[in-house]
Amino acid sequence: MATAPTQGRHGPLTGVRVVELAGIGPGPFAAMLLADLGADVVRVDRPGGAPLGIDPARDLTNRNKRSVIVDLKAADGPARVLDLAARADILVEGYRPGVAERLGVGPEACHARNPRLVYGRMTGWGQDGPLAPRAGHDIAYIAVTGTLGMIGAADQPPAVPANLLGDYAGGALYLVVGVLAALHHARETGTGQVVDAAIVDGTAHLSTMIHAMLAAGAWQDRRGTNLLDGGCPYYGTYRTSDGAYMAVGALEPQFYDEFLRLLGLPEHAGAHTDPARWGELREAVAARFATRTQKEWTDVFESSDACVAPVLSLRQAPHHPHLAARGTFTDHAGLTQPAPAPRFSATPTAVRSAPARPGDGTAAVARDWDLPALLQDDA
């Protein structure tokens, strides 16, 4: 029996207070995820506008948040942040190591005000190590972990997976797991701690299964030659007659058999177990996909277990029938965007508010967090 939603809640983290020191990339995304889950996230923006020049009204990573403006270089700036930290459960920052300390809002200063605080630090290289003080971006972080080198065709340069693998999978998601685990510990013991979420650590951790296969001799340490990296002809993408693509993942024997049946290539039934035949299988599959449009092949495979799907663009994805039926994307304030995930039976989540504009939540935060000083000489 399904559990009835808890009245008056906006997600499982309702009642959790989070301070986000404004940054770019994985830090804001991690704070957005906490906000999507119901936390009261207050973003501390700097005076002077958005870091990336994006219209704040369209910066979806600031949805479900409130914003105040604090100049940390002003005389009273650090004190205002420490006042927020004193009332918070979690603080998230993404500065280079040592910067928060120099600004007067590092872990020691925050824990002096609030010993239970979970202090989350989001960086690429981590808080220590030879590269810790150096600049970097997603592509460099995933490069040294071995994961970038896995992606792409064997005879082509590594393919860049946008900044999804490092910034968001290896960075933001690990920060969220870390701060929530530390929050559980703080509530059990009354003691907060620092969570050092480094993109290099998280991205390396994501490749654990591949390292297991490598150790077992089931993975070659070069891209485009393995079961899951495009080297296998029944796990990859193929161009259709209209220039679009289909994705194939027919790994298990029963799925492979269904794939060949619907594709019309029964003569290749034994080719999946013989890598020596993979070349001819790939050519046959490619030639067959090239005879019809993506829509035609989608119709062929959509009611089967062949594990074949159309490769859609960002604008096409919200209109896919399955995603539309589940509400995987949602529209709020005129912006189509991914809906909060995952889903909860008792404490459902939602996009509750449009992206927070810098400073627009000052009065409400001052009231709700009992911080009238935020209203004094507000920037």
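How many salt bridges does the count come to by the rule used here? The count comes to 14, where a salt bridge is a side-chain nitrogen of Lys or Arg within 4 Å of a carboxyl oxygen of Asp or Glu. This is a predicted model, in which local features need pLDDT of at least 70 and side-chain atom pairs count only at pLDDT 80 or more, while totals for chains, interfaces and linings use all residues. Residues are numbered from 1 along each chain as its sequence is written, and side-chain values use heavy atoms, with hydrogens and water left out.

**Salt bridges**

- Glu93 and Arg121 form a salt bridge through their side chains, at 2.6 Å from N to O. Glu93 lies in strand E4 (residues 90-93) and Arg121 in strand E5 (residues 118-123), so the pair ties together parts that are 28 residues apart in sequence. Helices (H or I, at least four residues) and strands (E, at least two) are DSSP runs, numbered from the N terminus.
- Both Glu93 and Arg121 are buried. Buried means under 20% relative accessible area, exposed means over 50%, and partly exposed lies in between (1.4 Å probe, protein chains only).
- Arg261 has a salt bridge with Glu258, with 3.1 Å between the closest N and O atoms. Arg261 and Glu258 are about one helical turn apart because they are separated by three residues in helix H9 (residues 253-263). Arg261 is exposed, at 54% relative accessible area.
- A salt bridge also joins the side chains of Arg367 and Asp368, at 2.9 Å from N to O. Arg367 is exposed at 59% relative accessibility, whereas Asp368 is partly exposed at 33%.
- A network of salt bridges links Glu20, Arg43, Asp45 and Lys65.

- Three strands make up an open sheet in the order E7-E8-E9, and the pairing is antiparallel. The edge strands, each pairing on one side only, are strand E7 (235-239) and strand E9 (308-310). From one strand to the next the twist averages 20 degrees.
- Strands of a sheet pair through backbone hydrogen bonds, either parallel or antiparallel. Here two strands count as paired if DSSP finds at least two bridges between them.
- Strand E8 (residues 245-249) is joined to E9 by three bridges, and the two run antiparallel. Ala247 stands opposite Ala309, which is in E9.
- Helix H10 (residues 278-289) lies across E7, E8 and E9 and runs at about 40 degrees to E7. Axes are lines fitted to C-alpha atoms, for helices over the stretch in contact, and angles run from 0 to 180 degrees between N-to-C directions; contact means heavy atoms within 4.5 Å.

**Backbone geometry in loops**

- The peptide bond between Ala341 and Pro342 is cis, with omega about 0 degrees. Pro342 sits in the loop between strand E11 (335-338) and helix H13 (362-368).
- Asn64 has a phi near 60 degrees, which is positive in a residue other than glycine. Asn64 belongs to the loop between strand E2 (40-45) and strand E3 (65-69), and with a relative accessible area of 5% Asn64 is buried.
- Ala162 is not a glycine either, yet has a positive phi of about 50 degrees. The loop that holds Ala162 runs between helix H5 (138-144) and helix H6 (164-189). Ala162 counts as partly exposed, at 48% relative accessibility.
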